[in-house]
Structure formats: C-alpha cells, structure tokens
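Please examine the sequence and the model shown here before reading on.

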Amino acid sequence: MIRPGRLDDLAALTEIYNHYVLTSPATFDLEPFEVDQRLDWFGHYAQSGPHRLLVAAGDAGPLGYATSGRWRPKPAYETTVETTVYLRPEATGQGVGQELYAALFAELAGEDVRRAVAGIVPPNDASIRLHRQFGFREVGRFTEVGRKFGRYWDVLWFEKTLPA
C-alpha cells in the first residue's frame, strides 16, 4: 500500500535512511540521524502541493519511501522538484521503488511543476534503471563532488519533464 507519510512513520524512515548513511554513497550524509533530528526534514512535505512524501507500507511497517522536495531555495526554482527513493534493503528488487515512483508522479500530475531532477551516485544500476523507466534522462555528471568512505564520488544528474 502506498500512502502519504505520517509522523508515526518517522522512526522507520529514519532507520531506512540511516542504513544508506552508514553503508552507501547514495547519500552524502556522513553520520546517522536520531529521529528528532529528522523532524525538520519531515516537515518539508505535505499531502498536497509539489513537495510530497509517500510511504510503501507493508505488514511489518514501512518498506521504503519516495519524496519530491525543493531542489533549490530560490523562488524561480519552485517549478522543479528533486525526487528520490529509499528502500529497506530487503525490499529492493521487488518493484517497491516502481510503485512509489508511479504513485508520486501520479500525485504530481496537475501540480505547478515542470521538471523533476535526481542525483545518483554511481555505480547504482538499479537506481539508474528506475529513473530511466520513469522517463528521466541523464543530463550531466559532476565529478568528485562528494567525499565519503575515504574516497571521492561523482554524481550523475537526471531530469524528467512533467506534464503541465
């Protein structure tokens, strides 16, 4: 079941995110978060408008989440959102990311949003496949822009035009 994120999901969403903080360059955060540290992050999302947080809920709680958030703080960028998906490791490869993105883009239809962008740290073939499946195209690579786990990482940038 895909539904809007709720405050009582925050502990599970923090746990999911912290897995990637500790094990992956998918996020450039370096230290795991406490749940109360994620309250501001959670507060950026609404149940309407362009900034959404959707949760894939399973029998044992959230399996993952997708977001569409502010890309940059300047007003002229309001019609662009940055999207992302994070899943519990055991939920990968089961179509959960596809379900989350399908629901997210369905909810964004009709919003005043022109572009979705996504940054992906390679190698991440699954994420690249997911984004291409949803019509994203690679538009650039920033080289060695993040340092984590004692090395520098590139970020591939993808964009997708959203229906008016």
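The paragraphs below treat strand pairing, the pocket and the aromatic rings in turn.

The model is predicted: local features need pLDDT of at least 70, side-chain atom pairs count only at pLDDT 80 or more, and totals for chains, interfaces and linings use all residues. Residues are numbered from 1 along each chain as its sequence is written, and side-chain values use heavy atoms, with hydrogens and water left out.

Strands are DSSP E runs of at least two residues and helices are H or I runs of at least four, numbered from the N terminus; two strands pair if DSSP finds at least two bridges between them. β4 and β5 run parallel and are joined by 3 bridges, with Val81 opposite Ala116 in β5. β5 is also joined to β7, antiparallel, by 6 bridges, and here Val117 stands opposite Glu159 in β7.

The largest pocket is lined by 42 residues, of which Thr83, Thr84, Val85, Tyr86 and Gly119 lie nearest its centre. Among the elements that give two or more residues to this lining are β4 (80-87), β5 (115-120) and β7 (151-161). A pocket is an open set of points on a 1 Å grid over the protein atoms alone, where a 1.4 Å probe fits, with protein on both sides within 12 Å along at least five of seven lines; lining residues have an atom within 4 Å of a point.

Tyr86 also belongs to a cluster linked by ring pairs, together with Tyr17, Tyr20, Phe33, Trp41, Tyr45 and Tyr65. Rings of Phe, Tyr and Trp (its six-membered ring) pair if their centres lie within 6.5 Å. The whole structure holds 13 aromatic pairs.

Conventions: Rings of Phe, Tyr and Trp (its six-membered ring) pair if their centres lie within 6.5 Å; planes under 30 degrees apart count as stacked, over 60 as edge-to-face and the rest as tilted.
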